[in-house]
Protein chains: 2
Amino acid sequence: MLPVLYPPVLISSQGFTFASTYRSFFTNLKAGMITLSSPDLFQQFRNEMQKIADFRYASAVLQWDQETYLPPKGAAMRGRQVATLSETAHQAFVAPQLGDLIHALLDRSDLTLAERRNVELVHEDYLKQQKLPSSFVRKLAETTQRSFHSWIAARKENDFRLFADDLNILVDMKRQEAAMLGYLKHPYDALLNDHDKGSDTDLLDALFSDVRQPLKELLDKIVASPEVDDSFLRQHFPKQAQWDFGMQLLKDLGYDLEAGRQDLAEHPFTINFNSNDVRITTRIDENDLSNMVWSCIHEVGHALYEQGLPESEYGMPLGEAASYSIHESQSRLWENHVGRSLEFCEHYWPLLQQYFPSQLGKVTAEQFYRAINKVQPSLIRTDADELTYHFHVMVRYEIEKKLIENSIQTEDIPAYWNEHYQRYLGVNVPDDKRGCLQDIHWSHGSFGYFPTYSQGSFYAAQLFGKASKDITKLPELIRNGENQPLLGWLRKNVHQYGRMYKSEELCSLVTGDGLKIHHFLDYMLAKYSNIYQF
Amino acid sequence: MLPVLYPPVLISSQGFTFASTYRSFFTNLKAGMITLSSPDLFQQFRNEMQKIADFRYASAVLQWDQETYLPPKGAAMRGRQVATLSETAHQAFVAPQLGDLIHALLDRSDLTLAERRNVELVHEDYLKQQKLPSSFVRKLAETTQRSFHSWIAARKENDFRLFADDLNILVDMKRQEAAMLGYLKHPYDALLNDHDKGSDTDLLDALFSDVRQPLKELLDKIVASPEVDDSFLRQHFPKQAQWDFGMQLLKDLGYDLEAGRQDLAEHPFTINFNSNDVRITTRIDENDLSNMVWSCIHEVGHALYEQGLPESEYGMPLGEAASYSIHESQSRLWENHVGRSLEFCEHYWPLLQQYFPSQLGKVTAEQFYRAINKVQPSLIRTDADELTYHFHVMVRYEIEKKLIENSIQTEDIPAYWNEHYQRYLGVNVPDDKRGCLQDIHWSHGSFGYFPTYSQGSFYAAQLFGKASKDITKLPELIRNGENQPLLGWLRKNVHQYGRMYKSEELCSLVTGDGLKIHHFLDYMLAKYSNIYQF
């Protein structure tokens, strides 16, 4: 599910530091910059950014290969090859030469709006990277490598304590990172801002406080209602038929298979090397049809966004997604608002029955619709339904916030986790593996990522609401399998802008209002009151 | 067939020149070098070489992807990503910092033999690269890009003249390159030396003069003999069965599929990212079984060599193949001496009949053996049998030599080609597509490559002869499918040395004698007098 959006910039402990050697060359260049016309200067800047992009995306190709086709013994050397590319990209990005180009361009008043925005955004990223000393970045990379392995070991032994020490060091470094990056009110804000610019604890506290109670009440009502039968989803669904159906879905949703491909991998993910090469992966569980189908739709939502980013802005911020939240809004919009709608089920019903006649022959489209929307409090986030999902996120958000502000310690995590799963979802966490060890994120140093999953859902609801107003008879179009109008709407209203706007700004621009939670809550209520008939 | 052995170092026209900026940093480092112990200094050298290797092999991964899984629209950006990596590898290699390390190491008397050899070989490569100005390398890369496209266009239109102008520029640049690299007698020697150190026109003129007449006489005898029936090879052989049989072959021959993989591609090739990740591709023609089978064996011969290179020498010359000729000797040895032997056919006969009962049910192993060794003068090099193959090479060798020495011009190529195909092979070349436009090499700037194909065959015969003496009952082992003794022999006598020795030195070390053509001629005569019964 985790989209690999911006191939992570890692630092290996090997090799030379290029950065410190640029100075003399660029002192000369700097003198020359003054005489360059703005278009020429901007072209130099673009060349340099595209070159850095080449390293980042080459590294991404190596990572894609690692997750799909790499022979087992190739893993060791692949690690160092990826590290070298990532290090080179990082060093080129923090080099004074780029700073000089940025500063020279910031002084120019004759840039186009798009050019200026590109320069400003790179400047922001540049200043941010400059705040983190190379020694710190390197140590962080080493620490996450180590903690990834101890997380693996802890999962294997089903014992959080094997992960706790490394996690502790990592949390401490994340506190340091927050201090270096700077923040106004809460140290966690610095990390949130890193995933979604402008996001902070005030905003998220308010959002989660607005949804917690209404969702809990809705959940209680659902739990008190007669259970939905979804047993037919867990029959035997042959691998090849699932694959073929998934490929058909991708095409129907508008994914350009001339500019992308799908492969099998252990975990579904989306990865992009430029807007003409955006790849997704899926996995197939022969005993569970829904696993593959909605992961396909989710990933293709990410991929449609990447394919829709302006090709001409390769290597530039305007060629990148707005934020993790907006990225997630695209996957959730397709996965939930389209893919889990009754109209979508009706459209695909003949085809599904054709692919799986013995399994689904006696089921109706509506029974299927109810089954794939069944709400059931559970232990694992990635298996959760649309409603309970947000309680999973809330637990993680609260823990991250408290860890970073130092009000709980890593050893307190399992107890906090288990208590809140009981409180929010009424489930008993039997062990750490199905509890606080289930996600890769922390081992990877990703703090501030989880909230974007919920924000993505909330943005999705508001965006889809607006699309439903702008596009005549959208449900009917979906029932007819006509997805192009919605994709066109997203291309025009979201994709084309790249990183031009912050999440909130984009939301306002498109919907006329900042993120308002009632769009999501209304959607939830309408959906489940229909399915559970209350 | 073309193995991608050393991912070609290309230069793009974009980006900054890093090299000129190293100086100040390395002036300081150089002062520090004096106080470093030899092991520490060598470790710095190794680090730098491994880093360069990371770029080269990352670029190779991108090229592998390009030939196997790249979505069509991804090609444009992939080109620039590969160019950036290649340029970075090249710039790091020609940077003064590496020169300083090399010179410091050359002064040390306490290196191990392997360390010293690595330093010397890198020094050679370094000096060679230094001889080519960056502007020249860049122009050469641009020219080959252009001429590759005009070659494609010329093939499409079946008209050599569309390629002639660009080829002319390229040939002229190759003459310049020869002058820059330097040579003792003939300018073509400089280019030959680039593919096989020590190889020159004297040596090749002698070799080809030694084989031309005997092979021609043998061919005349064969053509006068009753034709061998190979019609059963061109029935319908289903794709999946061919693939499965090919995979079985790879395993049986000792290819480690934990450290490699096979995929489909338009052209069979071998590519390596380190000795633990060596990949091959094949193609399947459902109307021709032999196409897939012997291309599999050929490529796996290359791959076994790469998998057998010392893992600990990653990034160093001793971790690389000895030469193009020796590389080709490994593929030819397995393809011809093993794969086209009667014993091999006998071993696989039950399995082949099992895979293709209706196609091969009434054929005997010996009939099959004769069919796959059928000699038939033909137009296309890659389809040629073991004997006539060398006439294809001779024509190309003569043309290259004459072009570089300026005794013929590019516009003379078709006439020279067609005349010599008639003279050597007795075939009429109907058009340029099936004539002088058939190979990619020249469009790619590869002059001096073709002769290594013949040299490879000649070395293969001599090496296999020695192996047959050293290994008790080798034919019987092959008949039993026991290939490990032969692979072990090659590992010990060839693979383990990497680039330690030149082709001729290695040949002498292993067989007690430099390359002698009678090994190959004796093999040819024995084989065909048996098959054609004269």
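Colleague: What share of the interface residues of chain B are also interface residues in chain A?

Modeller: Please keep in mind that this is a predicted model. The contact draws 37 residues from chain A and 36 residues from chain B. The copies meet through the same surface, because the share of interface residues of chain B that are also interface residues in chain A is 100%.

Colleague: What is the relation between the two chains?

Modeller: Chain B can be laid on chain A by a turn of 179° with a shift of 0.1 Å along the axis, and the RMSD is then 0.1 Å. That is the relation of a two-fold axis.

Colleague: Which helix of chain B gives the most to the side of chain B that touches chain A?

Modeller: On the side of chain B that touches chain A, at least two residues each come from helix 1 (23-33), helix 2 (38-68), helix 3 (75-94), strand 1 (260-264) and strand 2 (270-274) of chain B. By class, the residues on that side of chain B are 16 nonpolar, twelve polar and eight charged. The element that gives the most, with eight residues, is helix 2 of chain B.

Colleague: At roughly what angle do the axes of helix 16 and helix 17 of chain A cross?

Modeller: In the contact between these helices, A:Phe391, A:Met394, A:Val395 and A:Ile399 of helix 16 meet residues of helix 17 that include A:Trp417, A:His420 and A:Leu425. Helix 16 of chain A passes helix 17 of chain A in a right-handed crossing. The axes of the two helices come within 10 Å, and they cross at roughly 145°.

Colleague: Is A:Asn406 buried or exposed?

Modeller: A:Asn406 is placed in the loop between helix 16 (389-404) and helix 17 (413-425) of chain A. Its phi is near 70°, a positive value in a residue other than glycine, whereas most residues other than glycine have a negative phi. Because 12 or fewer other C-beta atoms within 10 Å make a residue exposed, and A:Asn406 has 11, A:Asn406 is exposed.

Colleague: And A:Gln533, how many C-beta neighbours does it have inside 10 Å?

Modeller: A:Gln533 lies in the segment after helix 22 (518-531) of chain A, and it has a positive phi of about 50° although it is not a glycine. A:Gln533 counts as exposed, and its number of C-beta neighbours inside 10 Å is 9.

Definitions and conventions: Residues numbered from 1 in each chain as written. Chains lettered and ligands numbered in written order. Predicted model: local features only at pLDDT ≥ 70, side-chain atom pairs only at ≥ 80, totals over all residues. Contact = placed C-beta atoms within 7 Å. Helix = DSSP H or I, 4+ residues; strand = E, 2+ residues; numbered from the N terminus. Nonpolar A, V, L, I, M, F, W, Y, C, P; charged D, E, K, R; others polar. Buried ≥ 20, exposed ≤ 12 C-beta atoms within 10 Å, placed from the backbone. Axes fitted to C-alpha atoms, helices over the stretch in contact; angles between N-to-C directions. Left-handed = near helix turned anticlockwise from the far one by under 90°. Least-squares fit on C-alpha atoms with pLDDT ≥ 70 in both.
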